[in-house]
Amino acid sequence: MTVLDEAPGEPTDARGRVAELHEIRAQAVAGPSEKATKAQHAKGKLTARERIELLLDPDSFREVEQLRRHRATGFGLEGKKPYTDGVITGWGTVEGRTVFVYAHDFRIFGGALGEAHATKIHKIMDMAIAAGAPLVSLNDGAGARIQEGVSALAGYGGIFQRNTRASGVIPQISVMLGPCAGGAAYSPALTDFVFMVRETSQMFITGPDVVKAVTGEEITQNGLGGADVHAETSGVCHFAYDDEETCIAEVRYLLSLLPQNNRENPPRAESADPADRRSDVLLDLVPADGNRPYDMAKVIEEIVDDGDYLEVHERWARNIICALGRMDGQVVGIIANQPQVLAGVLDIEASEKAARFVQMCDAFNIPIVTLLDVPGFLPGVDQEHGGIIRHGAKLLYAYCNATVPRISLILRKAYGGAYIVMDSQSIGADLTYAWPTNEIAVMGAEGAANVIFRRQIAEAEDPEAMRARMVKEYKSELMHPYYAAERGLVDDVIDPAETREVLIKSLAMLQTKHADLPSRKHGNPPQ
Ligand SMILES: CC(C)(COP(=O)(O)OP(=O)(O)OC[C@H]1O[C@@H](n2cnc3c(N)ncnc32)[C@H](O)[C@@H]1OP(=O)(O)O)[C@@H](O)C(=O)NCCC(=O)NCCSC(=O)CC(=O)O
C-alpha cells in the first residue's frame, strides 16, 4: 500500500503537501520490502540504487519518473503498483560529465519489463540522445513481464530502435548484473560495450530448460551464458569481472576515455609522462627473429602514458589486442597483433573483434594506432568454410571507412593481405612507419622461394642448398623496410626507441584532420 493508494488527504497548507511528497518519495526510494532487499543481497547482488550510487559522482543523481506506476490489469496486477515500476531512470555525472542511466530493480517483478517500465526507458534514451551524453544500462531483469503480454514485448522494440538510432551518436554501455534472457539480450548486443559479472549475470536467447527440450543438451545457466563464456568464447561481452564494485569502477574508467557524443573529442588529460621519453627497452622486448614470440601487451605498456591502458575483449580472439589508452594525454585506440597467441595471425574472430573496435573508434573520434606484426591470415578449411573472406573484409571495410587520424607502425613482419588489411598506406593510413627489423612482403621468404624458384631448386644438385641460397637472396632483395621506404610505401623507418615520440608528434599533427566520405544513405558492409 502506498500513500496514493488512498485518496490523497486534504493537507491544510503547503507544508502539509511537502511532507506528503517526502513520504511518497521515501516509499519510492525504499522499494518494495526489507525482505526483497535482503534476498537481492543474499544472491551477491546490489540493489539498483546502490549500483547507481557506485556509478555516479556523489549526490549527482537526478531521478526521472520516480513516481511512475503501471496501469495494467489482470493476474493481480491491480493490487500491485509499486512506484518506479521496477526501473530507476535518470542522469548524473561521472567525473563531472553528464551520464544517463537506467537500472532494473529486480525486487519489483524480478525487474521484468512491462509497458510503463519500457516507456520510462524510452524516455531516458531519448533524453540521452537529445542531450548528447552517454547512456549506461544496469541490467538485472527477467525479460518481458509475462502478465503484460505483448505490450511488454513491444516495449523491447522501442528500446532496440533507440539503441540503433543512438549507435555512433552517443556511447552506449550495457552492464549485465543479473539474468538477461530472450528479447532482453538484444539491446546489450546493439550497444557499444557489454560488461558482465561472473556467477551473477547470464545472457542467453533461450535458457537451459529450452535448450534441453530442443536439443537434449544439458548445461547450467553459467555454462550456457555466463560471463566467462561470453568473454572468451562468444565475444558477446567485452569486459568480465568478479564483483559488481570492480565492474562498475571499470565502467567509470571506460567513460573517462570516451567523448560525450560523436561531435566531441574524448577528454584530454594532463600527463606527467614525457612525450619524448625514449624506450630503449623495446629493442629487448621484440626479438629480431620473426619466428620468436613476445608479448605485444608489453610494447603497448611501454609506449602509452604511464603504462596505463584498457583492453577491450581481452580474453576473446587473443591473437589481436584492442585497447584504449592515452598518448601525451590524448586518447588513442590501439590495434595490435599478438605474436604470443597463434603467432599473431588474423583469423575470423580476430577480424571481427578488430573491425568492431575500429568502427567504434571512428564513430567516437578516437585516433587509431595500429601496431603490426602479422604473418598473414590463418589458412585452413574451417576458416575458409567459416567465411574468413567476409569476416576479414569487415576489418578491411572498417579501416577503409575510418576518417579519424590513422597511424600504423610495422614492428617486425607484415605479410600479404594481412599487411594491406591492417591499415596499410594503400587503404588510407595517414602515416605509416617501420622499424629497421621489419619485413614487409607478399609472403614469407621460404614460401616465396618455393614458388618462384621451384624449377631451379628441383633441378639443383643439392636442392636444400639451392633453396637456402634462394631464400637468402629473396630476403636481401625484398624483405627489408628500405624496399618499402624507397617506394614511399612507408613514410619513415624509425629507431624503435623513438616510437613514443614519433607517434605523439604524428598524432598532434593529425589532430585537425578532417575527412568526408562520399554522400550516401549508408554503406553495405560485409556481415
Ligand atoms: C529470472 C529468473 C531466472 C530469476 O530467478 P530467481 O530465483 O532469482 O527469482 P524468482 O524466480 O523468485 O523471481 C523473482 C520475482 O520476479 C517474478 N518474475 C520473474 N520473471 C518474471 C517475468 N518474466 N514477468 C513477471 N514477473 C516475473 C517472479 O514471479 C518473482 O515474483 P515474486 O517476488 O512476486 O514471487 C527466473 O525468475 C526466471 O526464469 N524468470 C522467467 C524468465 C522468462 O522466461 N522471461 C520471459 C521472457 S520472454 C522475452 O523476454 C521475450 C523473448 O524471449 O523473446
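This is a predicted model: local features need pLDDT of at least 70, side-chain atom pairs count only at pLDDT 80 or more; totals for chains, interfaces and linings use all residues.
Which helix gives the largest share of the lining of the second largest pocket? That is H3, with three residues. Residues are numbered from 1 along each chain as its sequence is written, and side-chain values use heavy atoms, with hydrogens and water left out.The second largest pocket holds about 410 Å³ of space. A pocket, on a 1 Å grid over the protein atoms alone, is an open set of points where a 1.4 Å probe fits, with protein on both sides within 12 Å along at least five of seven lines; lining residues have an atom within 4 Å of a point. The volume is the space filled by probe spheres set on the points. Its lining counts 16 residues, and Arg49, Ser60, Phe61, Arg62 and Glu63 are the closest to the centre. Helix H1 (14-30), helix H3 (48-55) and strand E1 (62-64) each bring at least two lining residues; helices (H or I, at least four residues) and strands (E, at least two) are DSSP runs. By class, the lining has eight charged, six nonpolar and two polar residues, with Asp, Glu, Lys and Arg as charged, Ala, Val, Leu, Ile, Met, Phe, Trp, Tyr, Cys and Pro as nonpolar, and the others as polar.

Now to the ligand. Polar contacts (N or O atoms within 3.5 Å) include a polar side-chain atom of Lys43 at 2.9 Å from a ligand oxygen. For Lys80, a polar side-chain atom lies 3.3 Å from an oxygen atom of the ligand, while a polar backbone atom of Ile146 is 3.1 Å from a ligand nitrogen. The protein buries 49% of the 970 Å² that the ligand exposes when taken alone (Shrake-Rupley method, 1.4 Å probe).

Conventions:
A polar contact is a pair of N or O atoms within 3.5 Å; within protein, one must be able to donate a hydrogen and the other to accept it, and residues adjacent in sequence count only if both atoms are side-chain atoms.
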